[in-house]
Amino acid sequence: MKQIFKSILTAVFFLQIVTISAQAQFEKPEIEDLKNKEMTPLTNRDILPWLHLGVYGGYNHNIHTADFQTLPGFGTCSPGYKEGGGKGYFGGIMADYAISDLIGIEARLGYIMLDGELTRRGLIGNIQDVKNPDAVTEIFTDHVLKATLPAIVFEPMLNIRPVPRLSIRAGGSFASLLKSTFEYNEAIAEPDNLVFLNGEATRNQQSGEIPEKKSLMMGVTAGAGYDFPVGKSIFVMPEARYTLYFTDISSVNWKVSSFQIGAALKYAFYPKPEGRIYRDTVYMRDTTVNAVVGIPAERNTRTSVSETTEDHYEENDLYSRTTITEHYLREIPKTAAFSVNITATGIAPDGTRQSEPLIVVEETEWEELFPLLPYVFFKEGKSDIGEVRQNLLKETETAGFSEQKLPLATLGVYAELLNIIGSRMQENPKAKITLVGTNSNTGIEAKNTKLSKDRADAVKEYLTKVWKIGGDRISIEPRNLPQAPSNIAKEDGQVENRRVEIKSATYDIIKPVRKQEIIRSATPPLIELAQQATSEMGLKTWEVRVEQGGQTLRSFKNDIPSVPQLLRWRIDEAPVPQLEEPITISLRATDAAGETKIAETVLKVQQLTIKKKRFEKINDKRVERYSLILFEFDKAELGPENMKIAEEIKKRIGPTSTITIAGYADRMGESEYNRQLAKRRCESTQKALGLSDDRVVLKPVGSDTLLFDNDIPEGRSYCRTVQIIVETPVTE
């Protein structure tokens, strides 16, 4: 410890001496008045700093050389250590004093980790080979000695600069160990299936302080670095060094050397230039004029000041000129402009636009048939029922399930597929179903019928545990591709083939869901609101309100500086206009000065309720919409389930009914091909309904309009459909 304190005191004394010298060197010289003479360009001279103060640090790789068998006082059977290695970090403070442009002296005081690990493998015996009694296997063990050696290091060095900023250093290194501990163990290396008598693969674990350690290790160090300027007086110096200690770590033959890579951050002190300094200051001003709304009188403000200095040398004299540029802003009062306006335009389904439209709200009897898509789709390689797009209930929630509560939305009905099947199985106790588990037969799913079975088992488990359906009523059939697979060459088709198909001979289990409602529709269905609100003061708040009979139907507002130019109001979204009173649409805006302006437009409303249409004998109708699915991928023929749906629809068609059949397809395939496929599906449906050409309108849409989200397999499956709309006039 005495050596550590001596090293620290020496370094502190050295830093104090160089700091006092730096202060003396930087005393301001007397500055004379700038002479009336033209400044000349800077001469070619490179003033080197006379002193650097800074910090350093980095990574070090340690090299240990040894020639001993064991540490004093610790008995081992090691065959003797020769070499080893370790790593660590170093860092500290430094001072570099330049004696001349070529030679300088440097001192460092820091911390370094000289840790290392010595390993030696030895033969400890042999063992008879169990499989070959005539052969023996030699047993080798590794003797591992790990040393922890943090140290305080003081390094005085000579610094040579062959070129500016490049420095080559060499000198002494004095290290005082702060700690010197070791850990030793012997471990079986070969063969690796043996253990010692203690039942472990290691033995003779020992640790403690390294005995007879040396309090001070002496050595030499050498290295090189290059100063990169990052500021006027700040340098970063990457460096590489090598340190070799002659003193052993302990009384045994054990030495350490270290290769170090790191960097130093240094602050440079420069000598005062010889000769005289001449200084000059030049002031420049510029003014920007703006007309500003809201200020009571003209005002002038200095917005910024910039300063630049140019230094020129003439022989040994420095001529320094500083230019100060002041920027001013002159603001003069201006009257603010503030205007608001709003207009309403009706947009029909075909895109036709109508200014100040008459809003007609009509009630219509609406019946819709939602055929079930009896497929449950799984993720690639997965059979977890919790990851499918189905609304999974708890057992306690099944009592509250009802098909009458399902939404009027195809994908919303599909999300309840398993609950619909479970509910219907409870209502039909003799019905049975078959779960056909399939896979895409590609990648990790190729020929993986076990995965197909796991998927079917997952669906069965949900129906048996949650809906309490007897397991004997559910059959499992695993296979690779489905019987009617989607396109296996496309990713969309592969996704669709990862599924469980639900089949039943009982039609009541897989029949469509029927929903009946009174639908309120509006003509036009969409009102586009164009608004404009501008103020030179800037807007503070705005609000657009749609009101009827004191009730707010819509409200659009936000505390933003500007009003969006277009807003859209879908009339058929609740709340829908209920009265035949005019609708007032207003834009209210407030600017930053607190002034408020309002613009309004008024639209008329006509209500056509079912009661009114029949009382006044206005044309009324009942609308029924049906969808036929599944059409198999790339097919137009109606399957047995679709034929049953067609028979139901035929019963609903009256002599005065108007029938429209629209055919659709998914996104797979070219647009023209999909339109032809949709046309064939429409014609197959017309034939199944027994309709002549004069009774039906066919609309083969194909994939030009996608009915549902085609990024999900159920959305693509539901697009392979025809929609049949039956409109029947109602006279009473």
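Leaving aside neighbours within four places in sequence, arginine 121 is in contact with Pro79, Phe140, Thr141, Asp142, Ala189 and Glu190, where contact means heavy atoms within 4.5 Å. The model is predicted, so that local features need pLDDT of at least 70 and side-chain atom pairs count only at pLDDT 80 or more, while totals for chains, interfaces and linings use all residues. Residues are numbered from 1 along each chain as its sequence is written, and side-chain values use heavy atoms, with hydrogens and water left out.

- Arginine 121 lies in strand β5, residues 116-128 (strands are DSSP runs of E, at least two residues, numbered from the N terminus).
- With a relative accessible area of 42%, arginine 121 is partly exposed, that is, between buried (under 20%) and exposed (over 50%), for a 1.4 Å probe and protein chains only.
- The side chain of arginine 121 makes polar contacts with the side chains of aspartate 142, at 2.7 Å, and glutamate 190, at 3.2 Å; a polar contact is a pair of N or O atoms within 3.5 Å, where within protein one must be able to donate a hydrogen and the other to accept it, and residues adjacent in sequence count only if both atoms are side-chain atoms.

The open sheet

- Four strands form an open sheet in the order β19-β18-β26-β29, with antiparallel pairing (two strands pair if DSSP finds at least two bridges between them).
- Its edge strands, each pairing on one side only, are β19 (353-355) and β29 (566-570).
- Strand β26 (residues 526-535) runs antiparallel to β29 and is joined to β29 by 5 bridges; isoleucine 527 has tryptophan 569 in β29 as its bridge partner.
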